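Here are my notes on this model, point by point. Please read them with the structure open.

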Amino acid sequence: MITLRKAAERGRTDWGWLDSRHTFSFGEYFDPRHVGFGALRVINDDRVAPGAGFGTHGHRDMEILSYVLAGGLAHRDSTGGGGVIRPGEIQFMRAGTGVTHSEMNASKTEPVHFLQIWIVPDARGLAPRYDQKAFDAGAAAKGLVLLASRDGRDGTIHVHQDVDLWMTRLGEGDERVHALVPGRHAWVHVARGSVAVNGHALGEGDGAAFSDEPAVRLAGGGDAEVLLFALGLWTNP
């Protein structure tokens, strides 16, 4: 079964300095039909004005990933982790027993566009952790690149959940196939551009949930950047 989540149907928060679109229920936006997909709890598509951002605040018991599409995102947290995340990098913060952090636009003149992703961990009370990694853009133009995984294989970010996060970039006519073994599910998020997903035309911000399907098939319809979450069975810890 494939269920589409169109960009125009997402929730929205507009605070002037922040324009955020919510694939799943978040903050003041609540839709009982869209409260997550397995362990995938949040995909926020955020655009933050120059010099603005999220001041110091706290989280716990969540695996948090930031994926920058344009501009620079300055991160600081109470573990001592921090840096500026730019396109071609992914940043990770394990909130665990509790972390305070800030996320600010690193520029005073240009907006920043990024995805914030929350994954519910398979255990509570984990030790906080920070990580930041660049990925191979050349490899992403040729196939699927693994960014994060449960076992941290191949130098990927280690997340405490049965989730593999892949990304790829597709031009016109490019194709990617990711097989799904029985019992596994997938969520596709189109970060930019347009792509056909198992024959369904999706544009920027669109998503699709896969259950009981043999594979995810992506066909490029233009300059596209796509995230693919492959998820196992999940219960709330």
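**Notes on strands, rings and pockets**

1. β1 (2–5) and β20 (207–210) each supply at least two residues to the lining of the second largest pocket. Strands here are DSSP runs of E, at least two residues long, and helices are runs of H or I of at least four, both numbered from the N terminus. The largest contribution comes from β1, with 4 residues. A pocket is found on a 1 Å grid over the protein atoms alone: it is an open set of points where a 1.4 Å probe fits, with protein on both sides within 12 Å along at least five of seven lines, and lining residues have an atom within 4 Å of a point.

2. On the source: this is a predicted model, in which local features need pLDDT of at least 70 and side-chain atom pairs count only at pLDDT 80 or more, while totals for chains, interfaces and linings use all residues. Residues are numbered from 1 along each chain as its sequence is written, and side-chain values use heavy atoms, with hydrogens and water left out.

3. The second largest pocket has a volume of about 190 Å³. Of its 14 lining residues, Thr3, His34, Phe37, Trp187 and Ala209 are the closest to the centre. A volume is the space filled by probe spheres set on the grid points, which are joined across faces, edges and corners. By class, the lining has 8 nonpolar, 4 polar and 2 charged residues. Nonpolar covers Ala, Val, Leu, Ile, Met, Phe, Trp, Tyr, Cys and Pro; charged covers Asp, Glu, Lys and Arg; the others, Gly among them, are polar.

4. The largest pocket holds about 270 Å³ of space. It has 17 lining residues, and those closest to its centre are Trp15, Leu18, Phe26, Asn44 and Phe54. Two or more residues come from each of β3 (18–22), β4 (40–48), β5, β10 and β11 (112–119). The lining of this largest pocket counts 5 nonpolar, 9 polar and 3 charged residues.

5. Which strands pair with β10? β5 (residues 53–59) runs antiparallel to β10, with 5 bridges. β7 (residues 73–77) also pairs with β10 in the antiparallel sense, over 5 bridges. Strands pair if DSSP finds at least two bridges between them. Phe54 has Glu103 of β10 as its bridge partner, and Ala74 stands opposite Met104 in β10.

6. Tyr67 and Phe135 make a stacked one, with 5.9 Å centre to centre and 0 degrees between the planes. Tyr67 lies in β6 (residues 63–70) and Phe135 in the loop between β12 (129–134) and α1 (137–140), so the pair ties together parts 68 residues apart in sequence. Both Tyr67 and Phe135 are buried. Rings of Phe, Tyr and Trp (its six-membered ring) pair with centres within 6.5 Å; planes under 30 degrees apart are stacked, over 60 edge-to-face, the rest tilted. Trp15, Trp17 and Phe54 form one aromatic cluster.

7. His189 sits in β17 (residues 185–192). At 1% relative accessibility, His189 counts as buried. Beyond its neighbours within four places in sequence, the contacts of His189 (heavy atoms within 4.5 Å) include Arg10, Asp206 and Glu225.

Key:
Buried < 20%, exposed > 50% of the residue type's maximum accessible area, 1.4 Å probe, protein only.
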